[in-house]
Amino acid sequence: MAESVVLDPVDLHILRLLQNDARTTYRDLAAEVGVAPSTCLDRVARLRRTGVILGYQLRVDPAKLGRGLQALLSVQVRPHRRDLIGPFVERVRALPESRSLFHLTGPDDYLVHVTVADTADLQRLVLDEFTSRPEVARVETRLIFQQWDCGPLLPPT
């Protein structure tokens, strides 16, 4: 389990601002937080070094790229052994259709969020990349009608 990092109010303010706009310049960030730009740069570097900030992402609309259908695949792996799940996880993460992969408790071992062009593409993906694998015992598919992003991790002050 990851160790917690102690954050002061300035760190939290920086995180709140960056989570809403990661493209904010250090100069603007420093002015908003009330510290020197060099101090702000040092704080952000420390937040990255300690793993609080994991990175920055560009969000792309999958429908604009021809992948308008999203689905969740519940996958059961049998037997559930480390020597089998390691290669399975690597393969799923390498698939261009995969958006997120979760290792779960309960009857299903994995939940995979995928984006595909249409139902025929989804069928191809399930048959060729999942059920054809010897360690995959079962795949259950759920189409996503609509998706909403939730609020930021840190609420505004």
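Reply: A residue counts as buried when its relative accessible area is under 20%, and as exposed when that area is over 50%. The model is predicted.

Take the loop residue to begin with. Asp-108 sits in the loop that links β2 (98–103) to β3 (110–116). Its relative accessibility is 12%, so Asp-108 is buried. Leaving aside residues up to four places away in sequence, Asp-108 is in contact with Ser-74, Val-75, Gln-76 and Arg-138.

Now the pocket. The largest pocket has a volume of about 1,800 Å³, and 37 residues line it. Nearest the centre of the largest pocket are Gln-19, Tyr-56, Gln-57, Arg-59 and Asp-149. Two or more lining residues come from each of α1 (9–20), β2 and β3. Of these elements, α1 gives the largest share of the lining, 4 residues. Sorted by class, the lining of the largest pocket consists of 18 nonpolar, 12 polar and 7 charged residues.

Last, the cysteines. A disulfide is a covalent bond between the sulfur atoms of two cysteines. The structure holds 0 disulfides. Cys-40 has a relative accessible area of 0% and is therefore buried. Cys-150, in contrast, counts as exposed because its relative accessibility is 73%.

Methods
Residues numbered from 1 in each chain as written. Predicted model: local features only at pLDDT ≥ 70, side-chain atom pairs only at ≥ 80, totals over all residues. Heavy atoms only, no water. Buried < 20%, exposed > 50% of the residue type's maximum accessible area, 1.4 Å probe, protein only. Contact = heavy atoms within 4.5 Å. 1 Å grid on protein atoms, 1.4 Å probe; cavity = no way out; pocket = protein on both sides within 12 Å on 5 of 7 lines; lining within 4 Å. Points joined across faces, edges and corners; volume = space filled by probe spheres on them. Nonpolar A, V, L, I, M, F, W, Y, C, P; charged D, E, K, R; others polar. Disulfide = S-S within 2.5 Å.
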